[in-house]
Amino acid sequence: MSSGPDGYPPYLLKNIVSTIPSPLCLLFQSCLSTGRVPTAMKTSHIIPFYKKGDSSDTSDYHPISLTSVFCKLMERIVVSEMLNYLKNRSFISKQQHGFLSKRSMAANLLASLNDWTISFENATHQMVAYIDIAKAFDSVCHSKLITKPRHYGIRSGLLQWISDFCQVIFI
């Protein structure tokens with residue numbers, strides 16, 4: 001796996017993470033208390049990643065953002081804690097399948113198939129609309145995105161950190 005702009009490959013962090021928890025904890029606490037992400041942590045290298053089709057067609061590639069391994073680790077911690085917070089307060093619907101562990105699109109389709117089978121057996125009508133919004137995630141308005149955590153009670157340093165995190169520096 002490639003190194004991010006900080007030059008540290010992910011396998012290095014995996015091998016030393018047990019020896020550096022105190023410095024990482026201090027760094028992460030400082031980031032959250034100030035609501036700031038250090039420039040080195042939010043700098044990103046963008047590389048093209050081949051999907052399928054004609055390799056000479058630029059539309060057959062999508063951009064991959066290589067970021068700091070330390071930022072990725074902090075991001076995972078923040079995401080995990082935010083998901084726990086949202087789940088414990090029932091802000092995440094049982095029908096939500098995307099972006100949750102053990103809740104894939106396949107699980108969503110199985111649940112839908114079950115609902116459709118029950119409707120069919122009861123001779124009731126079922127209306128279904130599936131929309132592919134994958135490209136929409138590439139164009140999310142970050143200022144509008146920040147209103148959601150605030151609406152759910154996430155404030156102070158964490159909300160500032162999320163806002164600052166959204167201002168990635170591409171090189």
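Analyst: Helices here are DSSP runs of H or I with at least four residues, and they are numbered from the N terminus. Thr34 belongs to one such run, helix 2. The part taken up here is the contact of helix 2 with helix 8, along with what surrounds these helices.

The model is predicted, so confidence comes before geometry. The mean pLDDT of the protein chain is 83, and 92% of the residues reach at least 70. Of the elements in the chain, helix 2 has the highest mean pLDDT, 91, while strand 3 (residues 169–170) has the lowest, 58.

From helix 2 the contact involves Cys31, Leu32 and Thr34; from helix 8 it involves Gly157, Leu158, Gln160 and Trp161.

Is Thr34 buried, exposed or partly exposed? Buried means under 20% relative accessible area and exposed means over 50%; Thr34 has a relative accessible area of 44%, so it is partly exposed. A polar atom of the Thr34 side chain also lies 3.3 Å from the backbone nitrogen of Arg36.

Although Ser156 is not a glycine, its phi is positive, near 55°. Ser156 is exposed because its relative accessible area is 58%. Gly157, in contrast, is among the buried residues of helix 8, which also include Leu159, Trp161, Ile162, Asp164 and Phe165. An α-helix has 3.6 residues a turn, so residues three or four places apart point the same way. The cover over the buried residues of helix 8 includes helix 2, helix 3, helix 4 and helix 7 (147–151).

Helix 3 covers residues 39–42 and contains Lys42. The side chains of Lys42 and Asp164 make a polar contact of 3.0 Å. Asp164 is one of the buried residues of helix 8, and Lys42 counts as buried because its relative accessibility is 8%. In helix 7, His151 is exposed, with a relative accessible area of 60%.

Trp161 leads from the contact into the core. In soluble globular proteins, nonpolar side chains tend to be buried together. The largest nonpolar core in this model holds 20 residues, and Trp161 is one of those with the most contacts inside it, along with Leu13, Leu24, Met41, Phe70 and Met74. Helix 4 supplies the largest share, six residues.

Met74 shows how these parts meet at one side chain's surroundings. Apart from neighbours within four places in sequence, Met74 is in contact with Phe28, Cys31, Leu32, Met41 and Trp161. Of these, Cys31 and Leu32 also take part in the meeting of helix 2 with helix 8, as does Trp161 from helix 8.

Asn84, found in helix 4, is partly exposed because its relative accessible area is 36%. Its C-alpha atom is 18 Å from that of Lys72, twelve residues away along the chain.

Conventions: Residues numbered from 1 in each chain as written. Predicted model: local features only at pLDDT ≥ 70, side-chain atom pairs only at ≥ 80, totals over all residues. Heavy atoms only, no water. Core = buried A, V, L, I, M, F, W, Y, C linked by side-chain atoms within 4.5 Å. Buried < 20%, exposed > 50% of the residue type's maximum accessible area, 1.4 Å probe, protein only. Helix = DSSP H or I, 4+ residues; strand = E, 2+ residues; numbered from the N terminus. Contact = heavy atoms within 4.5 Å. Polar contact = N/O pair within 3.5 Å; in protein donor to acceptor, adjacent residues only side chain to side chain. pLDDT = per-residue confidence, 0-100. Axes fitted to C-alpha atoms, helices over the stretch in contact; angles between N-to-C directions.
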